Amino acid sequence: MSILRGMANAEIDGTFRPQLTSLIDVMTILLVFLIKSFSVDGNLITPSDDLILPVSSSDKRPRQQCAIEITGSAIIGEGEIIAKINDVAATDSLLIEPLFKWMKMKSVQCGDSLKGRELMIQCDRELPYSNVKKVMYSCSKAGFNRFSVLVIQEE
Amino acid sequence: MSLTLYKSQRPPSELVESADLDVTPVMNMFIILIPFLVSMAVFTNLSIIEFSLPPNAGASMNSSPEKPKPRLTVRVGADYFGIVLGDTLYDSLSVNSGIYPFDELQERLRSRKLILAANDDIVIASLDEVAFKHVVKVMDVCRSAGFVNVGLSSATVNPGGETE
């Protein structure tokens, strides 16, 4: 109806004036929603694309620290594949040799020996606990003693 | 005298035909602001759960000659939960058709904490085949039940055996 009225006006004075009220309404609602969900901090940590994190009610904010990713196919550190999950699952040993060596190398950068070395584990939610256990064991042998696990905060 | 000059027979609203509001600057602002906010929006909030490993799993394995003091432990199996202190099994909850009774576990942990006057430490000992998401959920349950310091360990298949 308003379009027809606009067309009629266009015929009278030669200009077409679209009705922008509804568009501005939509924009305003969208703006309020986005401002509400806006976070100044953003996400300091970006989880790997090929893992789905577990959900938790924890509200402790993550901070920048050394991290290791355990996806369905590999153990990754700083984008570098350290060990394949199939190889890890196939062995009975708790110590993952390549991971131990890598973590030993990185341990100096991840805190001092007095305060303790921190490590954040990003693990796929469907992975069996045995893989996580081996990773934790190897990292603790490399000198890490403070662990955290990255999760998606429950709404 | 002069006021009468401005006196009109028609009300002021009728003198102006229509207010022609220019919304172009508002639209420009919206068009700039909305893509910016969409790009910065955080739709999934990430958080962390801190935990510790049992003392005998770390690098300082052989440094302490003393046997660690037993802590209240939740055993997580593929088909059961168990609340254990030392060698004593206090509670056992079965998993029915893959659904873990997390609410019941929380209630039992709360009551056990009161009855045993346990401190804020708890250990979660899970079997190898349990999915990691269940272990994380048990960590949540333990924190909700009042156990602040959560430790992770592993359980042996035989419930009567010792944890690794």
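At what angle do helix α3 and helix α4 of chain B pack, and how far apart are their axes? In this predicted model, α3 of chain B, which covers residues 102-115, packs against α4 of chain B, residues 132-144, at an angle of about 35°, and the axes of the two helices are 9 Å apart. The crossing of α3(B) and α4(B) is right-handed. On the α3(B) side the residues that meet α4(B) are B:Phe102, B:Leu105, B:Gln106 and B:Leu109, while α4(B) brings B:Lys137, B:Val141, B:Cys142 and B:Ser144. Sorted by class, the residues of this helix contact are 5 nonpolar, 2 polar and 1 charged.

Turning to chain A, one finds 5 helices and 6 strands, which follow one another from the N terminus in the order α-α-β-β-β-β-α-α-β-α-β. Chain A has 155 residues, of which 30% count as buried, and among its contacts between residues at least 6 apart in sequence, 66% join residues at least 24 apart.

Where the two chains touch, chain A contributes 44 residues and chain B contributes 36. On the side of chain B that touches chain A, at least two residues come from each of α2 (24-40), β1 (46-51), α4 and β6 (149-154), and α2(B) gives the most, with 7 residues. That side of chain B is made up of 24 nonpolar, 7 polar and 5 charged residues. Strands also link the chains: β6 of chain A, residues 144-153, runs antiparallel to β1(B) and is joined to it by 6 bridges, with A:Phe147 having B:Phe51 as its bridge partner in β1(B).

Notes:
Residues numbered from 1 in each chain as written. Chains lettered and ligands numbered in written order. Predicted model: local features only at pLDDT ≥ 70, side-chain atom pairs only at ≥ 80, totals over all residues. Axes fitted to C-alpha atoms, helices over the stretch in contact; angles between N-to-C directions. Helix = DSSP H or I, 4+ residues; strand = E, 2+ residues; numbered from the N terminus. Left-handed = near helix turned anticlockwise from the far one by under 90°. Contact = placed C-beta atoms within 7 Å. Nonpolar A, V, L, I, M, F, W, Y, C, P; charged D, E, K, R; others polar. Buried ≥ 20, exposed ≤ 12 C-beta atoms within 10 Å, placed from the backbone. Pairing = 2+ DSSP bridges.
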